[in-house]
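This briefing covers selected features of the structure shown below.

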Amino acid sequence: MKLQTIRGVKDILPNEIWKWQWVESIAHKIFLRYGFQEIRIPVFEDTRLFSRSIGETTDIVEKEMYTFEDRSGDSITLRPEGTASVVRAYIEHKMYAPPSVTKMFYIGPMFRYERPQAGRLRQFYQIGVEAMGSPSPIVDVEVMTMLIEFFHELGIEDSKLQINSLGNQSCRPQYKNFLKLEIKKYLNQLCKNCNNRYEKNPLRVLDCKVEQCKKVAKNLPKMIDHLDKTSEQHFTEVQKLLDIANTPYTINTNLVRGLDYYNMTAFEVTSENLGSQNAICGGGRYDTLVEELSGPSTPCFGFALGMERLVSLIPFKEEANPNNNSDIFLICLGESTKIPGFQAAHELRLAGFKVERDYELASMKSQMRKANKSNCRFTLIIGEDEVDSGNYVLKNMENSEQHKIDSNSLTTEVEKRVKI
Ligand code: HAM
């Protein structure tokens, strides 16, 4: 039997991981600047957490969760997203911080049983951000501009920010009923999926990707024409602040998001270079979720981005791979060099040098080939003569200059010539 990864699941190999580590380091740097601290949430949770927060009628809860009974009969689900867990943690650990905002970010794998295709996996990674405790539109815009700054720093220039308002509890129910009545008129033109879900979740008809549904959606009533005063003011303010921050955006009145907890601002960032799965990031305001999960009233705003999609957009240069080079490549020639070579590598690594080596005592030519391949800046050559004399040879691979190095003061001698 050939064992291999499950469909929709990917290894991230060593020749790719440096890109991920770099992206994560930039995320840490920029998010900390805005006051976000990392939280590590569990990979699995009580199933009820997700069904109650994401929404019973969403695709995720209806058909995409990895749910199983553990050995004590409890229903467990591999997290399909991070927001629900962060909210659970916020309530469980009483992380309330009024009058200031609790700001957290997380990085890790999520699991959804979707049909795998380019850019759509069953285990994928997200970087997510949640700002908890303020209804201010300044929070919405700070978080969105932080995200755009992050993309710029990564060298992604073609991303597009789309925003919409989904209103709140005092205007959305009426709009939903109105929308349902309007959709009813076009049912014979809509796909099977929309026919099935419009009763329970009519907003999803607005962002159906099927061509014929898109045509119908163009003529359906828009949420932003049915906002109450508070929601309208909020949305106007968000646009004003985005303008002040010089952050370009478009209003997409059909943007509704696939999770039920949103209200007011909803947004997505897309890229034309991604193909059909073109969303790099999605998020928005969720002001009632904390309360719905039995916490205190806490208005929140957040987003999550898909790492695989993000990394595929960054114009990396292989030379930038920090794992693809070393300071020193150790070349040992002859049986008697085994122990002195081992000691030299050990000593130099303890002093902070990145040392690569061959373990087979192969020929000079073969070891030199490996040294070149390792992109080392220097080679340290130890042959039997060098062991006898106590003087090793340090060769600069850029200009081929060679220096004698006294093995008794190896580290200090090397430090003079090789800068870390
Ligand atoms: P989401 O839109 O479901 O939102 O996911 C966010 C991002 O995760 C997407 O834009 C996409 O880049 C990536 N993603 C989603 N599903 C897949 C998949 N199957 N394969 C690869 N990438 C995928 C959320 O998860 C919300 N929790 C975001 C949020 C945080 N809202 C408020 N706070």
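Aspartate 225 counts as exposed because its relative accessibility is 57%, over the 50% cut-off for that class. In this predicted model, aspartate 225 sits in the loop that joins α9 (211-218) to α10.

- Helix α2 spans residues 47-54 and is mostly covered, with 6 of its 8 residues buried.
- The buried residues of α2 are Thr47, Leu49, Phe50, Ser51, Ser53 and Ile54.
- The cover over these buried residues includes the strands β2 (44-46), β3 (66-69) and β4 (75-78). It also includes the helices α3 (59-64), α4 (83-92) and α11 (289-292).
- Glycine 55 follows α2 and has a positive phi, near 115 degrees.

**Packing of α2 against α4**

- The axes of α2 and α4 are 9 Å apart, and the two helices pack at an angle of about 110 degrees.
- The two helices are therefore roughly perpendicular to each other, as angles of 65 to 115 degrees are placed in that class.
- On the α2 side the contact is made by Leu49, Phe50 and Ser53, and on the α4 side by Ala84, Ser85 and Arg88.
- By class, the residues of this contact between α2 and α4 divide into 3 nonpolar, 2 polar and 1 charged.
- Leu49, Phe50 and Ser53 are also listed among the buried residues of α2.

**Packing of α5 against α10**

- Helix α5 (residues 137-153) and helix α10 (residues 229-244) have axes that come within 9 Å and cross at roughly 40 degrees.
- The crossing of α5 past α10 is right-handed.
- From α5, the residues Pro137, Ile138, Asp140, Val141, Met144 and Thr145 take part in the contact. Their partners in α10 are His234, Glu237, Val238, Leu241 and Leu242.
- The contact of α5 with α10 comprises 7 nonpolar, 2 polar and 2 charged residues.
- An α-helix has 3.6 residues a turn, so residues three or four places apart point the same way.

**Packing of α13 against α16**

- Helix α13 (residues 338-350) and helix α16 (residues 410-417) cross at roughly 60 degrees, and their axes come within 10 Å.
- The pair α13 and α16 is therefore oblique, and α13 passes α16 in a right-handed crossing.
- Ala344, Glu347 and Leu348 of α13 meet Leu410, Thr411 and Val414 of α16.
- There are 4 nonpolar, 1 polar and 1 charged residues in the contact of α13 with α16.
- Threonine 411, which lies in helix α16, counts as buried because its relative accessibility is 14%, under the 20% cut-off.
- Leaving aside residues up to four places away in sequence, threonine 411 touches Glu347, Leu348 and Ala351.

**Cysteines**

- The structure contains 0 disulfides.
- The sulfur of cysteine 300 has its closest cysteine sulfur in cysteine 281, at 16 Å, which is too far for a bond; a disulfide requires the two sulfur atoms to be within 2.5 Å.
- Cysteine 300 counts as buried, because its relative accessibility is 0%.
- Cysteine 376 is in no disulfide either, and the nearest cysteine sulfur, that of cysteine 332, is 14 Å away.
- Cysteine 376 is buried, with a relative accessible area of 9%.

- Methionine 264 is a residue other than glycine with a positive phi, near 50 degrees.
- Methionine 264 belongs to strand β9 (residues 263-271), and it counts as buried because its relative accessibility is 8%.
- Serine 400 is a residue other than glycine whose phi is positive, near 65 degrees.
- Serine 400 is located in the loop between β15 (391-396) and β16 (402-406), and it is partly exposed, with a relative accessible area of 45%.

Key. Residues are numbered from 1 along each chain as its sequence is written. This is a predicted model: local features need pLDDT of at least 70, side-chain atom pairs count only at pLDDT 80 or more; totals for chains, interfaces and linings use all residues. Side-chain values use heavy atoms; hydrogens and water are left out. Buried means under 20% relative accessible area, exposed over 50%, partly exposed in between (1.4 Å probe, protein chains only). Helices (H or I, at least four residues) and strands (E, at least two) are DSSP runs, numbered from the N terminus. Contact means heavy atoms within 4.5 Å. Axes are lines fitted to C-alpha atoms, for helices over the stretch in contact, and angles run from 0 to 180 degrees between N-to-C directions. Angles under 35 degrees count as roughly parallel, over 145 as roughly antiparallel, 65 to 115 as roughly perpendicular and the rest as oblique. A crossing is left-handed if the near helix is turned anticlockwise from the far one by less than a right angle, and right-handed if clockwise. Ala, Val, Leu, Ile, Met, Phe, Trp, Tyr, Cys and Pro count as nonpolar, Asp, Glu, Lys and Arg as charged, and the others, Gly among them, as polar.
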